[in-house]
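Here is a briefing on a structure with several chains. Keep the sequence and the 3D view open as you read.

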Amino acid sequence: MSTLAAVSVDVPFTLPIVDYNAIAPLLILLGAGVISVLVEALLPRGSRRFIQLFIVFGALVASLVWIFTITGIRVVTAEGAIAIDGPALVMQGSILVLAILGALLMAERSVDPSGDVFAARASALPGSEDEKQFTARGYLQTEVWPLFLFAVSGMVLFVSANDLLLMFVSLEVMSLPLYLLAGMARRRRLLSQEAALKYFLLGAFSSAFFIYGVALVYGYAASTQLPQIASVLTAKPGQTSLALIGMALILVGLLFKVAAVPFHQWTPDVYQGAPTAVTGFMAATVKIAAFGALMRVLYVAFGGMRWDWVPMMWIIAGLTMLVGSVIAISQSDIKRMLAYSSIAQAGFILVGVIAASPAGLAGALFYLIAYGFTTIGAFAVISIVRDESGEATNLSKWAGLGRKSPLVGGVFALFMLGLAGIPLTSGFIGKFSVFAAALASGDTWLVIVAVVASLIAAFFYVRVIVVMFFTEPGPQTASVVVPSVFTTIALAAGATVTLVLGILPQPVLELVSNAGLFIR
Amino acid sequence: MNPANYVVLSAVLFSLGAIGVLVRRNAIIVFMSVELMLNAANLAFVAFARMNGNLDGQVAAFFVMVVAAAEVVVGLAIIVTIFRSRRSASIDEPNLLKY
Amino acid sequence: MIELMPAEGVFSLIWVLIALPLLGAGILLLGGRRTNSWGPYLGVFTVVGSAVLAVLMLLAMMGQPAEERSVGQTLFTWVFAGSFQADMAFQLDQLSMVFVLLITIVGSLIHIYSIGYMSHDVDKRKFFGYLNLFVAAMLLLVLANNYFLLYVGWEGVGLASYLLIGFWQIKPTAAAAAKKAFIINRVGDVGLSLAIMVMFVTFGSVSFQDVFGQSGEASEGTLTAIGLLLLLAACGKSAQFPLQAWLLDAMEGPTPVSALIHAATMVTAGVYLIVRSNAVFDRAVWAAAAVVLVGLITIFMGAIIGSAKDDIKKSLAGSTMSQIGYMIFAAGLGPIGYVFAIFHLLTHGVFKAGLFLGAGSVMHGMKDNVNMRRYGALRGLMVITFVTFLAGYLAIMGIPPFAGFWSKDEIIHAAFERSWVIGAAAILGAGITGFYMTRMVAMTFFGKARWEDDVHPHESPAVMTVPLVILALGSTFLGMALLFWGNIESWLEPVVGFASGPTTLSSITLMAITLVVVLVGAFIGWRQYGANPVPIEAPRGNWLTRAARRDLYGDLVNEVVIVRPSFALARWLAWFDSAWIDGIVNGSAAFVGGAAGRIRRTQSGFARSYALSMLGGAVLIVAALVLVRLS
Amino acid sequence: MTPWLTILAVVPLLGSVIVVLLPKSRPVLAKQLALAISLVTLVLTVLMALQFNGASSDPFQFVESYPWIPAFGISYSVGVDGIGLVLIALAATLVPIVVIAGWRDVDATSGGSVKGYFALILALESMMIWVFAATDVFMFYVFFEVMLIPVYFMIGRYGGPQRSYAAVKFLLYSLLGGLFMLAAMIGLYVVSAQMTGQGTFDYLTLVGLEMDPTTERILFLGFFLAFAIKAPLWPFHTWLPDAASAAKPGTAVLLIGVLDKVGTFGMIRYCLPIFPAASEFYAPVVIGMALVGIFYGAYVALNQNDMKRLFAYSSMSHFGFIALGIFVFTTVAQSGSMVYMVAHGLSTAALFLTAGFLMQRANGSSLIFDFGGVNKAAPVLAGFFMFAALSSLALPGLVSFVGEFMVLLGTFQRYLFVGGVATLGIVITAAYVLRLYQKTMTGPLAVKLVGMPDLGAREVIALMPVVVLTLVLGLFPAPILNVINPAVDRVMTTIAAKDPGPTVSSEGSGR
């Protein structure tokens, strides 16, 4: 007791200094989130959708614009809890852009005859009488939008959190809405709910690891702020076992989010079960956010222990690439296949992370951006390939699609080639830059593993092309519904970026390399 | 009494929670085990706060509690929908998504 | 080494010699059916043109002093890289002159003869195209001034013969024979290629001038190697042992014409090659010895085969083999032999042409039946053919004063110069010649008529008989002409360096011995086939006859030693390729697929198992970190 | 200073875009347009070739260079030496021929849009031009890989029954090599960064690089594997028979005739000059592979009953000769290899196109047993077939002979034994080629072929240029040699290799 008192007495309460300019993008999003909650609560159903969309896009665009105004800023603010630095801004920016595309997909209304892609009432029993009622009445639920906004703001905070505690909070702010969104598909409700349950339980499980690791690290460093931890590590290099174990548990939490083997198993189930729009949004943005946090933790806090974590990360990266690619080969559901592909891609990005060099950071950032756009585009295509039972995600229904509708088929082929890393697509430049960084840091064997994995991965990407173009369309071949402008924009954006970043990557490469390192 | 013991205790609690997640079928209980793990973290925070002689740990505990509460809200919502649609809270029941 | 004179006057047209028939071939082969009507005449015209030109050149050459008779013409540099250079250049000296004349004149006769012979064939233009191609290639062969260019002619001849043998491709046997001829010739070509390579590596050049000029500096081993390789090449083209097997099948060719073109011209290419390379063989004793040996073996093989065949063309083919054997044999004897090799080549070219065309004329009358056991008693019905054939018969046996006598006698003489053993062998060969030629004449023109029922023998038209007459005259007088008037030794001397050695035996005695042996052979032949009736069904015969009927098992040997093993190997490799090399590729793919199938099972769908793997992962990470820290 | 190479590559690219955008209802127009564009490209190529100065001393001509991705020291830089020029010319020549020959290959019944096929051909052409013109290693790699995609579609979408298997096998096998090359290329970049301070992909800079032997050997392997698969050398060849037999004749021509040349081209352009020491170190291995390949391919071809597979294996055998010529390090052999590349391109075209015409007349069957006696029914076709066969068995007087003999000669010059053994290959080649001709063309006419039409005007027009080129270049190869020899000499000096001199004149020197 006395000690506590001793600590607590005569500490004058001073206002923390907050650089509101630097965190304005975040505040805008949070504010918008709150407002849209109020909208849900107060406004009549009819008018909600329009207003919500207005708020969402308004907020996203506004904070994006704001980020463009503060590109020069490099500050640690809010008592060292938030670091707004180059990488953070880059990632926030890309998260926001991708979020806009995701929102476009989620706002799509014209692909599903019975309304939008979300359940009219998430609470209603699947197949129950009142669900039919709601559907018949054409109810649209708009609760997704506040959830969406909070998720985005969580990500935006996650990548700039300079304090493990804040990182934990933002992790949850990001995750909790996603758990719910995953469960709101209009079709295949059971799968959707199952996805939500698994995602939630395992997510909670992982965040438990994360926070316990934070606790241990706090026990070692007497602080949860990354720079502090780093300085303590350098100050007393001995007896760091506590920090070591703490770091391990933190990594578990983060690697879970990036879907690295062996913390990946939630990914396929969730990606498959969740509404395709949400999957696309999630796949693109969560990757960025999680990798942002992962790199910040590894570089800023534990950069001094590089030689402790690098070997372990080698193994994880290798496993992630191989397992992801290999299992993907045997998939017949295209969403599930892309889920495994995203696991494999996470492995490739890890190669860049392990390089632990400016080049590696830049490479990873570029890869994340490239991957985000390609993936979201791919899911956009999946969301418009439908038959009477809804989205036709089974590969067998894609037979001859490329001949039935060459444009969409061609675009999807482009995405596949991009993910496979064929030159003149963004994916190739991404692979190139991370491999270059890894070789420069001497991780030759890792690169060779990566090469083998890319080959295996290439197989199932090109297999999709085989199915789409090299087989005759049959009676069960799905058809492409003409989407509204929303999905069209997302699709076009994805395709364009995939191509442009492959042919003229220089501007973005400059961007990511000029972003510099994380500040400490 | 040596605060380090509390750390040990927290570790034990954490492990118990983890094991609970693995062995129990009922979603609610699994979820409770997770909460147990979070609280183990809280205990560790407090104990470390004591050992390090600063308040951050105690503050952290509060944060964790809030987050835990939020998790409960979301979690229960999900579990309840599952329960209503499947008439059981077993987390082995929903097994459509695999391979 | 003789310096080449610049090609002036008529010699500036050396390239035309080749270009004319080449042009004809091009027009006829690309022109298609529409040239069928006038094509043959064009074909004849081009060759005759070359012949005329050749004669003009001969006159021009005779006008020059002996040491200025070698002319060189360079058109352009053909292939060049690094230190290698081969020109598109020609060399016309006494040796090539002789060959040019042989090729163009005999060639012209064959063309003319073919007008009549092929008149009914729908694809005759093609036939004349091939003939023209053949003549062009042959001329290129003998006119090239370097081995690399010679190779082109060499192979071109091979191609032309392939096309001619397989002219009636509708007959599977013909097609097979054509293929066989080409492939066996390819074996010879390997020899020529390697010879060229050795020359380049040794002398840094492949032109006759440089190679012969520097041949003194090269080690004898190298020269022997070159010599043996050239011999291999010669064996291929000239159907010498062990590459003789193709010639007999080549008689499957559509006509005695193609048979002839081989007998009279193509097979002489090998002789040309060896004589041309005399500078090499002079210093490569063992290579020369090998040449002699090959020649001898072939003399007997050919003769024996010729004695056993009932097919008149094949019998003649055997005799051809044997006669070429004489030439090679002579060429191996060194400076004394070269001249007579060429001499015999010329005479043989003429009288063998007469014999083949005679045979063709006979077949023409016998509805293309080639089986001599169904001939007989034709002397009355085909007078011209009979008489001309008789001229050739006497010539080939070497009965004075017919052409063959002069050349063959000289060869045997030269052989005795070397050693009495090979001399005796040569004489014995002459004896067998007497036997089988008599057999042929007897079976064809004498005895009883053993014709098939619907056959009504008749003399052939003038267009066929006229060449027969001309050739018969040649068979009779050419020997004397060349020897006494043409004075062939001194003519060729600058090229091959003739040196008449001391005579051990007086040539008169030798002449007598040879004559006796030949007549004995002829007598045996007559007693068996002339005096006694010839059975229509061939008797079983003794082992030698049976072996000879099967070409002394030449094909069998090739089949067992080369063909079957090759195809077995091919089959095995094909299996190996799909089972192993491709198997590994597909196997690894299948392996990954299988792995995928197994690993995906870990994705059991139970949240708790996922949690378990997470926990396990966490433990592993901690363990790994601790391990790293400990290590 | 006109940017010749860029124009050359862009014209077909734009062309393919235009062709794609044409309405589906106008297939004929698409064909005509494609033909016109390919002819324009050919004309441009000729115009460029005429301005090429064989005597000039600078390594590349028609050079252009603009920064592309400065972040990695990558630039868009093109230029040609004799080798590149000749291969570009080969590509530009074969494409119009393939277009004409393939005029009826693709129609509504054969599945797949007509315009698509021809657009792919044009796209492929521009990529081929870029790949031969690139003087930036990264740029080379990019097109080396991207080229796979059009071919992948051409095989997989327009091919025969086995098409998707073949297409995927082709793509993955090539990617295997490509990815290892990628790793090696990046390694090269890293090395250059370490040595020059500024990482670069500029060809000439990399040629000057002095790396340590171990690194050099590892990187060499990366590049060589890619090229060995592409070429293909034994034992990396098994994708070729499948691809060739599944592909349309035109596709096969471009694939084997030009695309695979990128492999051998890469060996002489990249492996040798950039990794001279490693090349010398591995030369025995490569020579061994080549030698095995020559006989292996020939023997397997001897046992093939599917024409297209037979051609594939024979090509493998020919590639053995080419690789052999490159890795014996003599001027004659290397020039020979280059000539051989052109010759092989032409003979492949002749073989596959005639075979294609033949197969069209036997409703698509490529099995030797389905044919026989064609010579009777279609003499013209048989004639061209014979010519193609002869040019592939390297008959003296045809350009293939020039190439083959130079290779053998140069090989013999350095390694008597190897050269001698390789020479035996010409016999087996004759064996399988003539066996093919005998079984298909001679003998009595096969029943199902009765009444088959002979070649039409279009088909003859397609084949004529190949025949003429084969003949003319065979008797007068100077046009090729004049431009190739300087380039080869430059390579030889770069790798510091000297030709063995004649033994008589200069004793001691040489072997």
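Predicted model: local features only at pLDDT ≥ 70, side-chain atom pairs only at ≥ 80, totals over all residues.

Five pairs of chains are in contact, and chains C and D share the most contacts. Chains B and D are a pair with no contact.

**Where chains C and D meet**

- Chains C and D have the most contacts among the five touching pairs.
- The contact brings together 46 residues of chain C and 49 residues of chain D.
- On the side of chain C that touches chain D, four elements each give at least two residues: strand S2 (71-81), helix H5 (147-165), helix H6 (172-203) and helix H23 (554-599).
- H6(C) gives the largest share of that side, with 17 residues.
- By class, the side of chain C that touches chain D has 28 nonpolar, ten polar and eight charged residues.

**Where chains A and C meet**

- Here 22 residues of chain C are in contact with 29 residues of chain A.
- H23 and H24 of chain C each provide at least two residues of the side of chain C that touches chain A.
- The largest share of that side comes from H24(C), which gives 14 residues.
- The side of chain C that touches chain A splits into 14 nonpolar, six polar and two charged residues.

- How far apart are the axes of helix H8 of chain A and helix H24 of chain C? The axes of H8 (residues 189-221) of chain A and H24 (residues 607-630) of chain C lie 10 Å apart.
- These two helices pack at an angle of about 20°. Angles under 35 degrees count as roughly parallel, so H8(A) is roughly parallel to H24(C).
- The crossing of H8(A) and H24(C) is right-handed.
- From H8(A), the residues that meet H24(C) are A:Lys198, A:Leu201, A:Leu202, A:Phe205, A:Ser206 and A:Phe209.
- From H24(C), the partners are C:Ala607, C:Tyr610, C:Ala611, C:Met614 and C:Ala618.
- This contact of H8(A) with H24(C) has nine nonpolar residues, one polar and one charged.

**Chain A on its own**

- Chain A holds 21 helices and five strands.
- Its radius of gyration is 23 Å, close to the 24 Å that the globule rule gives for 520 residues, so chain A is as compact as a globular protein of that length.
- Along the principal axes, the C-alpha atoms of chain A fill a box of roughly 75 × 60 × 40 Å.
- Of its 520 residues, 68% count as buried.
- Take the contacts in chain A between residues at least 6 apart in sequence: 80% of them join residues at least 24 apart.

**Chain C on its own**

- Chain C contains 24 helices and three strands.
- The C-alpha trace of chain C spans about 115 × 65 × 55 Å along its principal axes.
- Of the 631 residues of chain C, 59% count as buried.
- Among contacts in chain C with a separation of 6 or more, 81% are between residues 24 or more positions apart.

- Most residues other than glycine have a negative phi, and most peptide bonds are trans.
- Which residues does the cis peptide bond in chain C join? The bond runs between C:Phe241 and C:Pro242, with omega about 5°.
- C:Pro242 sits in the loop between helix H8 (220-238) and helix H9 (245-250) of chain C.
- In chain D, the peptide bond from D:Trp234 to D:Pro235 is cis, with omega near 0°.
- D:Pro235 is in the loop between helix H9 (213-230) and helix H10 (239-246) of chain D.
- A:Glu79 is not a glycine, yet has a positive phi of about 55°.
- A:Glu79 lies in the loop between strand S1 (75-77) and strand S2 (82-84) of chain A.
- Is A:Glu79 buried or partly exposed? With 13 other C-beta atoms within 10 Å, A:Glu79 is partly exposed.
- D:Ala496 is not a glycine either, and has a positive phi of about 55°.
- D:Ala496 is placed in the segment after helix H21 (478-494) of chain D.
- D:Ala496 has 10 C-beta neighbours inside 10 Å, so D:Ala496 counts as exposed.

Conventions: Residues numbered from 1 in each chain as written. Chains lettered and ligands numbered in written order. Contact = placed C-beta atoms within 7 Å. Nonpolar A, V, L, I, M, F, W, Y, C, P; charged D, E, K, R; others polar. Rg over C-alpha atoms; globule rule 2.2 N^0.38 Å. Buried ≥ 20, exposed ≤ 12 C-beta atoms within 10 Å, placed from the backbone. Axes fitted to C-alpha atoms, helices over the stretch in contact; angles between N-to-C directions. Parallel < 35°, antiparallel > 145°, perpendicular 65-115°, else oblique. Left-handed = near helix turned anticlockwise from the far one by under 90°.
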